[in-house]
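Colleague: I would like to go through this model one feature at a time. Please give the general idea, then the case at hand.

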Amino acid sequence: MSIVTVVGNPRPGSRTYAAAVAATDAVAERLGHTGTRDVIDLSALAPVILAPGAHANVEIAVELLAGASVAILASPTYKATYTGLLKAFLDRLPSNALAGKTALPLLVMGHPRHALAVEVHFRPLLVELGAFVPTPGLALLESELPADEPLARWADQIAPQILATEGALR
């Protein structure tokens, strides 16, 4: 099993980055995963994601995500959905690039009224790419950060779904 975290915040060192890594740690612990975990920080790729043509670092990131068994995809909530940076990166994936993989959506938000964005906007994008997306996605309020308790509850809830799916795919 390989686990990759994708952070769609355009700001380096963001709270979204910290929450995504903590979420990855919580999920990996419950899955018994002791291997490596890669992080794709899209803030470092932002200058070339929308540029025409292929760019080595973007292509490496796409291959890393496409090769993962489990992917945690995180974004701050912008205009009640994920960032354009994350969408532009995911648009580079070929059709069904996440087929046979588990994708876990995580949104960090300032107000609880955006909580449905994980299920209404983010989940359909990942499903369109072919991913299995356990229920529920994670909506974290900025006021909950660093969010150890909500992350633990969420990881406890989704880990059995991931393990069941991983077993079925073998």
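Modeller: Start with L64, which sits in helix α3 (residues 56–66). Helices are DSSP runs of H or I with at least four residues, strands are runs of E with at least two, and both are numbered from the N terminus. This is a predicted model, in which local features need pLDDT of at least 70 and side-chain atom pairs count only at pLDDT 80 or more, while totals for chains, interfaces and linings use all residues. Residues are numbered from 1 along each chain as its sequence is written, and side-chain values use heavy atoms, with hydrogens and water left out.

Colleague: How is the accessibility of L64 classed?

Modeller: Buried means under 20% relative accessible area, exposed means over 50%, and partly exposed is in between, with a 1.4 Å probe and protein chains only. L64 counts as partly exposed because its relative accessibility is 30%.

Colleague: Which residues does L64 touch, leaving out those up to four places away in sequence?

Modeller: Contact means heavy atoms within 4.5 Å. On that basis L64 touches V4, D38 and I40, with residues up to four places away in sequence not counted. As for R113, 49 residues from L64 along the chain, the two C-alpha atoms are separated by 33 Å.

Colleague: Next, the strands. What is on each face of β3?

Modeller: In a regular strand the side chains alternate between the two faces of the sheet. In β3 (residues 70–76), seven of the seven residues are buried. V70, I72, A74 and P76 lie on one side, A71, L73 and S75 on the other, and both faces are covered.

Colleague: Which strands pair with β3?

Modeller: Two strands pair if DSSP finds at least two bridges between them. Strand β1 (residues 3–7) runs parallel to β3 and is joined to it by five bridges, with I3 opposite V70. Strand β4 (residues 102–109) is also parallel to β3, over seven bridges, and there I72 stands opposite L104. Between β3 and β4 the chain passes through helix α4 (residues 84–90) in a right-handed β-α-β crossover. Right-handed means that, with the strands pointing away from the viewer, the path from the first strand over the helix to the second runs clockwise.

Colleague: Where do E59 and R92 lie?

Modeller: Their side chains, E59 and R92, meet in a salt bridge at 3.6 Å, N to O. E59 is in helix α3 and R92 in the loop between α4 and β4, so this pair ties together parts 33 residues apart in sequence. E59 is partly exposed at 30%, and R92 is partly exposed at 25%.

Note on methods. Salt bridge = Lys/Arg side-chain N within 4 Å of Asp/Glu carboxyl O.
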